[in-house]
Amino acid sequence: MDIIQHLLGGFLIAFEPLNLGLVVVGVTVGLFIGAMPGLGSVNGVAILLPLTFLVPPTSAIIFLAAIYYGAMYGGAISSIMLGIPGASTAVATTFDGRPLALKGLADKALIAAAVASFFGGTISIILFTGFAPALASVALDFGDQEIFALMLLAFATFVGLGGDDIAKTVFSICIGLVFSAVGMDIISGTPRLVFFDIIGFLHGINFLVLAIGVYGIGEMLWTIDSTRGNPMMSKVEVSASRTVSHLKDVLKEWKPAWIGSLLGFFVGILPAAGATPGALMAYGISKMTSKTPENYGKGDVGGVIAPEAANNAASTGAMLPMLTLGIPGSPTTAILLGGMVIWGLVPGPMMFIEQSDFVWGLTASLYAANFFAVIINILFIPVFLYVLKMPFTVLAPIIFVLCLVGGYAPTEDMHDVWLMVIFGFGAYALRKLDYPLAPAVLAIVLGPIAEPALRQSLIISGGDATVFFTRPIAGPITMIAIVLLLLPLVQVYRKKRKQAKNAEV
Amino acid sequence: MRRAELVTAVLLAAFSIYLMWKSAELNIGWVKHEGPGGGAWPFWLAAIMLICNIWTIVNWVRRATPQSRSQDQFMDAHAIRMLLLVGGSVVALVAMVHVIGVYGAVPIFMLFYLRVLGRHGWVPTLVISGTAPVVIFFFFDVAMRIVLPKGYLEPLFYPLYDIFL
């Protein structure tokens, strides 16, 4: 019953006029950001985080969480209307959303996406409310060894489940960690990695500089390069009577909604996996279990519902390890985590005790964000359709300017703005060569937590690395991490054997 | 694409070696009673980076990755033009901030982008480029008290400071 009491207290915080207003504004902004091709929740949160220094931390994270949520709803809009995913999380939505739009049923697909997002979001927040305090109380016993083992696990999931080239993934993780080490060595207090003796490196590389560089400037350059001209819009009619009849059709499709919600939540918890693979898996399983799998890919509403329920469920799922363990489950939550550190909040199990107002206020505001997102989404469908016609050449300079001021605001140092531009160009080039960049952003956030945990563990044990295997909680976590690291090697080996077998036959 | 893959891997390998050398300015070994030295963490991570780059180069030689087989151009004419115009204007934007500040650089950047790159009419161009600095000023300088750089235009803002700050 404790949980319900906490949650009611949380609702009181979430319904404070400032916070409620921020939820509504955040959801609306998020919907637009998500709907814009090339911009997703991670871009929105990275670029807008510096703007939140104006309000108290609780309100700030509520605002950002609302953007996160809204963007998950919004991603579906351009997937359906333009046939290009508004964010990578909405890739699976194009498979059936686009065919529906081409059949003239774009409004049906949009409503299905909105309702499914609401369903997925709600189920996963209920699960979140149940799981979070339990996980936090287990995590209270964690020492440095456990924390480092968890970090190892977070990076190992990128290697094992990320699905990108392994050498490039590991490279991306390491470069993020090295960048996080720039500045002062916290234990010995000596400056390190001050490149070319430039003073700007003494205060370290702020994670926002990398995040805005990668997700703001780099992403924009990549989008302008890859879209080459404006994509085609589908025509759509919107009317109240059509909306109601579509709503009835959509509500009959409960199976893909459940598959998406549950799968999305649990995949979302895994670091690295996040909403994109969650949505793709939900689409696949929903197709497998469907009575009419042959309709998938040709415009089945279930094919919109499953991935949309999953990506919203995953975004809540990703918050679970971030709040309870201090380990972000997705790039967006990595940036939220970085923001919380700036605001002086230490994510992790202690937060449930010391900052319980914050935790429960955030949880309650997720319920509120979900509720407003579905309403705003359905009401604003005509507006989104109009805005999507806005040429990219108007949007792009606005975003570049936001990157400039956003990069300057946290440290008020032009050095960081230049660094951000360099990271942006670097990210653009690496992205073209399929280097995954999310691990680097995650790593620069986790680096300052992982390094002291490792060094203190080694100091305590006198240099004995076996502590990561022998402690009761750290041991299994380390073992799972190692298994995940080796997973791709096993897959390569099995593929080779299969090929060899095929060659024999 | 194939050549770009190799060149990038070699450049990144060189960068990794630089990082290792730079980390080695601090102690990278075990310090008695203090645990690993300050340079150990970045040094060994940079070493892993180097291994990854060598791995990528090996994959390139074996033609094991899609990029190492791809015959596509890494930067075609459109990409180069885009990078020069868009990327160049972003660099110019940041460079101009040093001289004429955010409030001088932003409208010039927006004017260039909207009018020259976007080929929009004068009315939307002027409206957007005119509104942007005003919104930014009230949000950052006034509401958040983050004073954005003004460069040589600083004196023009003294009356505004008197009114709003």
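What share of the contacts in chain B between residues at least 6 apart in sequence join residues at least 24 apart? The share is 51%. For chain A, residues 24 or more positions apart account for 79% of the contacts with a separation of 6 or more. Keep those two values in mind while looking at the two chains. The model is predicted.

## Confidence

The predictor gives the complex an ipTM of 0.93 and a pTM of 0.80. Chain A has a mean pLDDT of 83, and 93% of its residues reach 70 or more. In chain B the average pLDDT is 88, and 99% of the residues score at least 70.

## Two chains side by side

| Chain | Elements | Span along principal axes | Buried residues |
|---|---|---|---|
| A | 22 helices, two strands | about 70 × 65 × 55 Å | 61% of 505 |
| B | six helices, two strands | roughly 60 × 55 × 20 Å | 30% of 165 |

Start with chain A. It has 22 helices and two strands. Its radius of gyration is 22 Å, close to the 23 Å that the globule rule gives for 505 residues, so chain A is as compact as a globular protein of that length.

Now take chain B. Its elements run α-β-β-α-α-α-α-α from the N terminus on. A compact globule of 165 residues would have a radius of gyration near 15 Å, but chain B has 24 Å. Chain B is divided into domain 1 (2-69) and domain 2 (77-164). The centres of these two domains of chain B, taken over C-alpha atoms, are separated by 39 Å.

## Where the chains touch

The contact takes 57 residues from chain B and 50 residues from chain A. Several elements of chain B give two or more residues to its side: helix H1 (2-23), strand S2 (35-36), helix H2 (40-62), helix H4 (77-117) and helix H5 (122-143). H4(B) gives the most, with 19 residues. What kinds of residue make up the side of chain B that touches chain A? They divide into 40 nonpolar, 15 polar and two charged.

## Two helices of chain A

Helix H12 (residues 275-289) of chain A has 15 residues. From its first C-alpha to its last, H12(A) reaches 21 Å, close to the 21 Å expected at 1.5 Å a residue. The helix is mostly covered, with 11 of its 15 residues buried. Among the buried residues of H12(A) are A:Ala275, A:Leu280, A:Met281, A:Tyr283 and A:Lys287. What covers the buried residues of H12(A)? The cover includes helix H4 (57-81), helix H5 (91-102), helix H11 (254-269) and helix H13 (302-317) of chain A.

Is H13(A) buried or exposed? In H13(A), 16 of the 16 residues are buried, so the helix is largely enclosed by the rest of the structure.

A:Phe196 sits in the loop between strand S2 (191-192) and helix H9 (207-227) of chain A. Its phi is near 50°, a positive value in a residue other than glycine. A:Phe196 is exposed because it has 6 other C-beta atoms within 10 Å, and 12 or fewer count as exposed.

A:Glu412 is found in the loop between helix H18 (392-408) and H19 of chain A. A:Glu412 also is not a glycine, and has a positive phi of about 50°. With 11 C-beta neighbours inside 10 Å, A:Glu412 counts as exposed.

B:Ile28 lies in the loop between H1 and strand S1 (30-31) of chain B. B:Ile28 is partly exposed, with 18 other C-beta atoms within 10 Å. Which residues does B:Ile28 contact, leaving aside its neighbours within four places in sequence? They are B:Ser23, B:Gly37, B:Gly39, B:Ala40 and B:Phe43. B:His98 is 70 residues from B:Ile28 in sequence. In space, the two are 39 Å apart, C-alpha to C-alpha.

Methods: Residues numbered from 1 in each chain as written. Chains lettered and ligands numbered in written order. Predicted model: local features only at pLDDT ≥ 70, side-chain atom pairs only at ≥ 80, totals over all residues. Helix = DSSP H or I, 4+ residues; strand = E, 2+ residues; numbered from the N terminus. Rg over C-alpha atoms; globule rule 2.2 N^0.38 Å. Contact = placed C-beta atoms within 7 Å. Nonpolar A, V, L, I, M, F, W, Y, C, P; charged D, E, K, R; others polar. Expected span 1.5 Å × (residues − 1). pLDDT = per-residue confidence, 0-100. Domains from an automatic or database assignment.
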